[in-house]
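User: I am new to this structure and would like a short tour. Could you take my questions one at a time?

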Amino acid sequence: MTGEIWSLSKKQANYRPAPRKDVRCDVCRFMFPPLALGGCRLVRGLIQGSGTCDRFTPRRATPPKA
Ligand code: SF4
C-alpha cells in the first residue's frame, strides 16, 4: 500500500461529493486529518471531508462479530 501514496488523481479515483454519510472522506482511513478539509494518502490534492471516491475504505474495519 505504501507504493500507492498519492498515486491517483481525483479523476482516476473518481473523487466526487459523497452521496451518503457513511462513505465520506472524513470517515475514510486514508484521509488526514479527517476533518472538513485535508489530504488523502491515495489521492492527490486538497480533499474535502464531504467527498468520496472509488477507493473509500472505512477507518474502522469492524469485522462482524458472532
Ligand atoms: S474516499 Fe477516496 S479521496 Fe476520500 S479519503 Fe478515502 S481514498 Fe481519499
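User: Which residue is the bridge partner of Phe32 in β3?
Analyst: The partner of Phe32 is Gly39. Please keep in mind that this is a predicted model.

User: How do β2 and β3 pair, and over how many bridges?
Analyst: The pairing of β2 with β3, which covers residues 37-40, is antiparallel and runs over two bridges.

User: Changing topic: which residues are closest to the ligand?
Analyst: The closest are Cys25, Cys28, Met31, Cys40 and Cys53, within a surrounding set of 15 residues.

User: And what is that shell around the ligand made of, by class?
Analyst: The shell has 12 nonpolar residues, two polar ones and one charged one.

User: Now Thr52. Where does it lie?
Analyst: Thr52 belongs to strand β5, residues 51-52.

User: Is Thr52 buried or exposed, and why?
Analyst: Thr52 is buried, because 24 other C-beta atoms lie within 10 Å, and the cut-off for a buried residue is 20 or more.

User: What does Thr52 touch, leaving out residues up to four places away in sequence?
Analyst: Thr52 touches Arg16, Ala18, Val23, Arg24 and Cys25.

User: How far apart are Thr52 and Ala18?
Analyst: Their C-alpha atoms are separated by 4.8 Å, while the two residues are 34 residues apart along the chain.

Key: Residues are numbered from 1 along each chain as its sequence is written. This is a predicted model: local features need pLDDT of at least 70, side-chain atom pairs count only at pLDDT 80 or more; totals for chains, interfaces and linings use all residues. Helices (H or I, at least four residues) and strands (E, at least two) are DSSP runs, numbered from the N terminus. A residue is buried if 20 or more other C-beta atoms lie within 10 Å of its own, exposed if 12 or fewer, and partly exposed in between; C-beta atoms are placed from the backbone. Two residues are in contact if their C-beta atoms, placed from the backbone, lie within 7 Å. A residue is near a molecule or strand if its C-beta atom, placed from the backbone, lies within 6 Å of it. Ala, Val, Leu, Ile, Met, Phe, Trp, Tyr, Cys and Pro count as nonpolar, Asp, Glu, Lys and Arg as charged, and the others, Gly among them, as polar. Two strands pair if DSSP finds at least two bridges between them.
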